[in-house]
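Colleague: I would like to learn how to read a few features of a protein model, step by step. Could we look at one together?

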Amino acid sequence: MSDILRDIAKKRKIKPTRENLIALGNELRKAYGPSILAQLALEKARKEAFGQHIVVSSIRNLYELSYLERQRGFVLVAIIADLKTRYKRYIERGEKISFEEFKKLEKKEQSNKLEEQQLHLIIKKAKVKILNNSTLDVFYKKIDKFLKDFIPKLDKRLDWHGYFMEIAKQVATRSNCIKRKIGCVIVKDRRIISTGYNGTPRGVKNCNENGCPRCNAWGEPGKALSECFCSHAEENAIVQAAYHGISTKGASLYVTFSPCLTCAKMIINAGIREVYYNANYPLTENAKALLKEAGIKLYVLNV
């Protein structure tokens, strides 16, 4: 993440000293939220290393850590060296600073404030700690051992339910609704037969282009639903299947939020036998009760 800071510092013509980078990082967290550097770093890494393992270094804030912890297969590793060794390496990189000044600089990374660097708190949360007081060869051997021990545990592929829910999350990114983005896939015999996301009907101006008066009025949640032009993700997935002449009888439905009452009725009449959802949508208790009464199984998937 320090590379992100260096890129920004270069654009602003700021000298990329450690002190300047600390101040710049704190400024960005205050302006854009405490996890902004993690978001930018992960976005950059995924573009450059698609499908590969990613290493994110220089995690300095608990919110950055929290953001990364939500990513599948994440493990926090603390690389530790004693103070004198760190100072020696710092000087060898060409920095001119006294040991006392170095200690003061280190303390700037140990703040308890939300938008600042909290390195001491990050280290406490690390599941793995690797001591790096010796040579690079010794350090690399320790890293190799870590990878051999941990990668097989972290690299387990998703089961079928997690797989289809992750696809539903990707489908949600196609939504044009400005209030909430929801994705849905309908599956039969482990094969996706239809997908859907919420938004205005085919041929109608998109919600994010002022196509839905209710959404663009930014009214209270749950109010004036009859005035909403947007179709729900489950609704669109079921209608798409019908449009293309595909039977949904006996199928499973995966959706990022639990169905509303209208969608629940469509699910029942479409012959779908089970519903998997990732999070609770407001005002769905009646919908859940109706689905259960109709004999449709409901499952929560926290993936």
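Modeller: Let us begin with a term for surface exposure: a residue is called buried under 20% relative accessible area, exposed over 50%, and partly exposed in between, using a 1.4 Å probe and protein chains only. This is a predicted model, in which local features need pLDDT of at least 70 and side-chain atom pairs count only at pLDDT 80 or more, while totals for chains, interfaces and linings use all residues. Residues are numbered from 1 along each chain as its sequence is written, and side-chain values use heavy atoms, with hydrogens and water left out.

Colleague: Is Lys-103 buried, exposed or partly exposed, and with which residue does Lys-103 form a salt bridge?

Modeller: Lys-103 has 29% relative accessibility and therefore counts as partly exposed. A salt bridge is a side-chain nitrogen of Lys or Arg within 4 Å of a carboxyl oxygen of Asp or Glu; Lys-103 forms one with Glu-100, their closest N and O atoms being 3.2 Å apart. Both residues lie in helix H6 (residues 99-107), three residues apart, which is about one turn of the helix. Helices (H or I, at least four residues) and strands (E, at least two) are DSSP runs, numbered from the N terminus.

Colleague: Which parts of the chain does the pair Lys-44 and Asp-7 link?

Modeller: The side chains of Lys-44 and Asp-7 meet in a salt bridge of 3.5 Å, N to O. This pair links distant parts of the chain, since Lys-44 is in helix H3 (residues 36-48) and Asp-7 is in helix H1, 37 residues apart.

Colleague: How do I read the packing of helices H1 and H2?

Modeller: Two packed helices are described by the angle between their axes and the distance between the axes. Axes are lines fitted to C-alpha atoms, for helices over the stretch in contact, and angles run from 0 to 180 degrees between N-to-C directions. Helix H1 (residues 2-12) and helix H2 (residues 18-32) pack at about 95°, with axes 10 Å apart. Angles under 35 degrees count as roughly parallel, over 145 as roughly antiparallel, 65 to 115 as roughly perpendicular and the rest as oblique, so H1 and H2 are roughly perpendicular to each other. Contact means heavy atoms within 4.5 Å, and among the residues making this one are Leu-5 and Ile-8 of H1 and Leu-21 and Leu-24 of H2.

Colleague: Where is Ser-258, and is Ser-258 buried or exposed?

Modeller: Ser-258 sits in the loop between strand E5 (252-257) and helix H12 (261-269). Its relative accessible area is 2%, so Ser-258 is buried. Not counting residues up to four places away in sequence, Ser-258 touches several residues, including Glu-234, Tyr-277 and Lys-288.
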